[in-house]
Amino acid sequence: MSGDKTVMKAWTRAQSRLGRRQAMPIVGLGLLSSLVAVGQAWCVAAILARVLVGPAGSGAAGLLGALAALALARGLCLTLGDIVAARAGRAARRRLRDGVLSAILRGGPALLRQQHSAELTALAVDRVEALDGFFARWIPASILWIAAPGLIAVLAAFIQPGSAAIMAACGLAVPVGQALFGIGAAVASRNQFLAMTRLQARFLDRVRGIATIVLAGRTEDEAHRLADAADELRRRTMKVLRVAFLSSASIDCAMVVALVLIALRNGGIVLELHHGAASPALVADATMRGLFVLLLVPEFFVPLRGLALAYQDRAHAAGAASAMAALPDGDAPASAGATAQVDAEGVSVAFEHVTFAWDAARGPVLDDLSFAVPAGQTLILVGASGSGKSTIIEMLLGFVVPGSGRVTIGRADVTSLTPSNLSGLVSWIGQKPVLFAGTLRENILFARPDASAEDLGHALRAAAVDTFVSDLPEGLETRIGEGGFGLSGGQAQRIAIARAYLKNAPLLLLDEPTAHLDPATEADIFASLRGLAQGRTVILASHSASVHEFTGQRLDLGCRHPVPVQGEHEHVG
Amino acid sequence: MSDKPGNTPPTGAGGLTPVLRVLSLWRGRAPLLVAGGVLSLLALLAGLVLMRGAGARLAGTASGTLVVGVLLLRVSGVGRVVLRYVERLVTHDAMFRALADVRVWFFRHLAGGAAAGLGFRRAGDLLSRLVSDVEALDGLYLRILVPLAGACLILPFLVLAVLPVDPALAVVVGGLFLTGAFVLPLGAALLGRRQAGALTHRLAGLRIGVLDLVSGLREIRAFGAEGRILSHVRERDARLFEAQARQARLLAVVGGASYLCGQAAVLAVLAAALGVGFGPIPAVRAAGLLFLVVAGFEGIGGLTRAGALAGGISRAAARVISVGAQDGPAVPAGTLPAPAGTDLRFEQVSFRWRADRAPVFDGLTLDIPAGSRVAVLGPSGIGKSTLAALLLKVAAPTSGRILLGGQDLAELDSGSVRRRVAWLSQATHLFADTIRANLLLGRPDATEAELWMALDRAQIGDLVRSMPDRLDTWLGEGGATVSGGQGRRIALARTLLSDAPILILDEPATGLDAETERDFLLTLNAVTTGRTVILIAHRLTGVETLDRIWRLSDGRATAVAA
């Protein structure tokens, strides 16, 4: 838990440093706005003093004009300040989102073993969105709350040092009050924020599993429990808020005290002047000064209030920090010092004494595994789930690095290949190909965006995509993927095969390519895959009974000795 | 997501109707909500009196006539702070209660209506979006209704204070206040509503892009497409930012305009005091009015921002409300308790999920005597899961009938039907909770021994025993902390806890590898003896023991030799 806190603190500090430069224009405009506010207070005080004590008339229009101009300037400052703050928020979010996405790309599918893809998406989208306030409001507010009142107090001190001192004293009382009520409240509010998040997560979880609840006949129970949980949260939250609002009431309190004290003090001064029968000019001057400082009081407290309002933005940041800290950091695992090149002609693959564990506590998935696949041959991986089939394929894709031992492609160590060289060597087809939001054409060209129409046509025919494209509403231009036309499992797999044809890489990795298909479709897809496998080095992980249609070495990860498949189903494809 | 046909609830252009519907859900909380509003108004009033008093006192002393006592100043000062504190506590408390009501209402509605069929069809993303819509409703009371009520109070207070002094000035100040408190927020709401649509749409676009990136990691690496996909997502990001920048500019400009309204009112009062434009007004009153105007306009500062948010909130309200009216055929709520007999019979059952969709079943007839073990096979998408939905009364036949123990399912109470029929599928949800809580969902009164027995029968007991927290081990979201096969066995244990005589096994082993699948099916054979078993699958593995097998095609079932 304390480790968590350190991470959060470090993250918040690092982000504050990065955000501060962007915050400078906001702070500048804020200070300018406070300065204009002082001018406004001066004009209003001058006009009021003139009205109350005289001499009225002369220069009044000028003062009104000046006040109008200052009001416009202030309005402009506020508007610009808001726009600049929004821009700073966007800049920070762009930077953070880029960082998160790059980290996800670096981390690769290994991340998906710990986190659901929806969670990662939420991190890159919603969590980052929620951080807007941290950069747009909290960082500038955390500078302005000292700078702006300081500026106002100094200016007030030139006119009436005594009242400025009252203001400053009341202002200083705010942090003291905050400390008194606030420290407890800050800790409690962080806990409360966590409790809130947990309730939201619980609600979402129950709604997602609503079918299960309904069918178990537990709707009423769960509804009551949900109500109880919400009520419990409310009670706890209110306990926190009772204290937290005290700390913001301390700002109100300080302001009222400052107002009343300054009003009484100036009232006293002016009254005394009246009783002492001072000259009207003297009275007018004293009135003006008094009004001026009085009008400054609310302005003095505006930035303090801003800080209190922005505090929840900070709480949001703390939540996001721990989630982002869980992502892999800057250094990519594989590409360091990658220099080796492998020709894209037929490649061999070898594992030499490879050991790997996803989780040290659970023991290694691969333990001293060795095998070799000569160029153009096929290796079939069999074994129960969790026996390391996917791990082997992920090593060949460069997503995970062996704990010990070596993985070579074409006799070059995989870790020494540049990512672009490596990706040039392999094609990969998994259980369900990911269809990106876009047209069918874009999805196939994903493999090689600059492919010629001829190459595309060849790939479509070879993968038998052309057999169903004509039935689609808009042919190759049909939109598929999220929010588009749904393809059947077999059709989707054909797209993956077309991609692989288009890419034409020497090493083909097949990870349970027919796991979600019914037997008839499975047979079709296997037939296409056999065509694709011609002349390539193939690693096929599958538990399907039809896998014997492939000829090649068979590696049972249960027993760990490569056994050649008996040629009962020799295929010449 | 947003343009996926058939999966999007009516996006509802928003507007007032859904907001009123949400408010009507809060009827029970009305006293508290109103109390919060009244307190907020009192706090505002105290603030107005305080400011007016401060100004008047100063003016009074300056001109030598003391008008306001120190006492009044102090009382209203203390009153303001105390009232503000109490008001914030009460309004927040009321808001939490109201929001909890909406959550529970939403949950009941989703579970009760045809919407359960929606969950049955696993539209997870849609559901998460609805959940965040419920959360968005908290702004409705705190940020819109309460400040709006405040503005309604300040307006007459302000006008009545100025009117006796100078009617023309009252008109000007009142007009400016109306503009700042109502016209500008309304404008912001109207403009914001259009933009809220664009924002939602572009955010969804970004989400799709990111989801593509996350789920396509292997493809991206295999095709070396990191740069391409990243620039693709950046493009979507930039489009979202563009829409946000537009909204931020709108908000800033409207906020600035609202500020200028207040300043114009201040200028008008000062001008009147100086006798410029308006007849000169008494100095002391002018000072009082000035402070009053400043405080009054301060009270409505947040309304423009709230106005711009109103569009989003009313859209959220519309989506939440529309849950009650999800599409899908209605299920008749029966009243009779389920009979003792458990023979099942489908008689000429026809069904379609929506009128514009092709029928799933067309004259389906099946006979499943009590205690028999049957399989219904067919390729994915043919409607095998719909069969489960019909039996569980999540959906009702469009024609024909289903008999349970000789009684029409439509007449039977759905709760009692579901106590007879248990369901296990790959979609069976494991909740982010302890193993114990997940099991107790099957039968809340099960004893510790019964829980272990169920786990043992599902052949997962030893694994759970080896976990450090045993039954209190926390399962992550969707059972993320255990493997697929282990999760399925925990779900099986939960199903076994319920003593329902009919078991529907809907693709119970899909997604497991061959050996795990075989083991799991063997376990199923062993633990389901004596119950009616309806196995729904796209293929058989050969280890299932079955009495009858049907294959589904063209909305009908054909018997296959077992």
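Q: In this predicted model, which strand of chain A is the place of Asp368(A)?
A: Let's start with one residue in a model that is predicted. Look along chain A for Asp368(A), and you'll land in strand E2.

Q: Is Asp368(A) buried, partly exposed or exposed?
A: Count the other C-beta atoms within 10 Å of Asp368(A), and you get 13. A residue needs 20 or more to be buried, and 12 or fewer to be exposed. The count for Asp368(A) falls in between, so this residue is partly exposed.

Q: What is the phi of Asp368(A) near?
A: Here's some background: most residues other than glycine have a negative phi. Asp368(A) isn't a glycine, yet its phi is positive. The value is near 55°.

Q: Which strand of chain A holds His353(A), and what is its phi, about?
A: His353(A) is found in strand E1 of chain A. With 13 other C-beta atoms within 10 Å, His353(A) is partly exposed. It's not a glycine, but it has a positive phi.

Q: What is the strand order of the open four-stranded sheet in chain A?
A: Strands of a sheet pair through backbone hydrogen bonds, either parallel or antiparallel. In this open sheet of chain A the pairing is antiparallel. Strand E2 (366-373) and strand E5 (412-413) pair on one side only, which makes them the edge strands. Read across the sheet, the order is E2-E1-E4-E5.

Q: How many bridges join E1 to E4 in chain A?
A: Strand E1 covers residues 349-356 and strand E4 covers residues 404-409, and they run antiparallel. One spot to look at is Ala350(A), which stands opposite Thr408(A) in E4(A). The number of bridges joining the two strands is five.

Q: Which helix packs on this sheet of chain A?
A: Look for a helix touching E1, E2 and E4 of chain A. Its direction makes about 65° with that of E4(A). It spans residues 389-396, and it's helix H10.

Q: How many residues of domain 1 of chain A are in contact with domain 2?
A: Chain A is divided into domain 1 (2-325) and domain 2 (349-564). On the domain 2 side, four residues take part in the contact. On the domain 1 side, the residues divide into two nonpolar, one polar and one charged. That side's number is four.

Q: Which element of chain A has the highest mean pLDDT?
A: Across chain A the mean pLDDT is 78, and 81% of the residues reach 70 or more. Strand E12 (residues 562-564) has the lowest mean among the elements, at 40. The highest mean, 90, belongs to residues 60-107, which form helix H2.

Q: Where in chain A does pLDDT stay under 50?
A: Where pLDDT is low, the predicted coordinates should not be read in detail. One stretch with 13 contacts beyond four places in sequence is residues 330-339 of chain A. Another, with 24 such contacts, is residues 559-573 of chain A.

Q: What is the strand order of the open six-stranded sheet in chain B?
A: Over to chain B, where this open sheet has mixed pairing. Strand E6 (421-425) and strand E10 (556-560) each have a single partner strand, so one side of each is left without a neighbour in the sheet. Neighbouring strands are turned by 20° against each other on average, direction ignored. The order is E6-E7-E8-E3-E9-E10.

Q: Which residue of E9(B) stands opposite Val376(B)?
A: Strand E3 (residues 373-377) and strand E9 (residues 548-553) of chain B pair in the parallel sense over four bridges. Go to Val376(B) and look across to E9(B), and you'll find Trp550(B).

Q: Which residue in the turn between E4(B) and E5(B) has a positive phi?
A: Two bridges join E4(B) to strand E5 (residues 407-408), and the two run antiparallel. One bridge partner pair is Leu404(B) with Gln407(B) in E5(B). The strands form a hairpin with two residues between them, and the positive phi of about 55° in the turn belongs to Gly405(B).

Definitions and conventions: Residues are numbered from 1 along each chain as its sequence is written. Chains are lettered from A and ligands numbered from 1 in the order in which they are written. This is a predicted model: local features need pLDDT of at least 70, side-chain atom pairs count only at pLDDT 80 or more; totals for chains, interfaces and linings use all residues. pLDDT is the predictor's confidence in each residue, from 0 to 100. Two residues are in contact if their C-beta atoms, placed from the backbone, lie within 7 Å. Domain bounds come from an automatic or database domain assignment. Ala, Val, Leu, Ile, Met, Phe, Trp, Tyr, Cys and Pro count as nonpolar, Asp, Glu, Lys and Arg as charged, and the others, Gly among them, as polar. Two strands pair if DSSP finds at least two bridges between them. Axes are lines fitted to C-alpha atoms, for helices over the stretch in contact, and angles run from 0 to 180 degrees between N-to-C directions.
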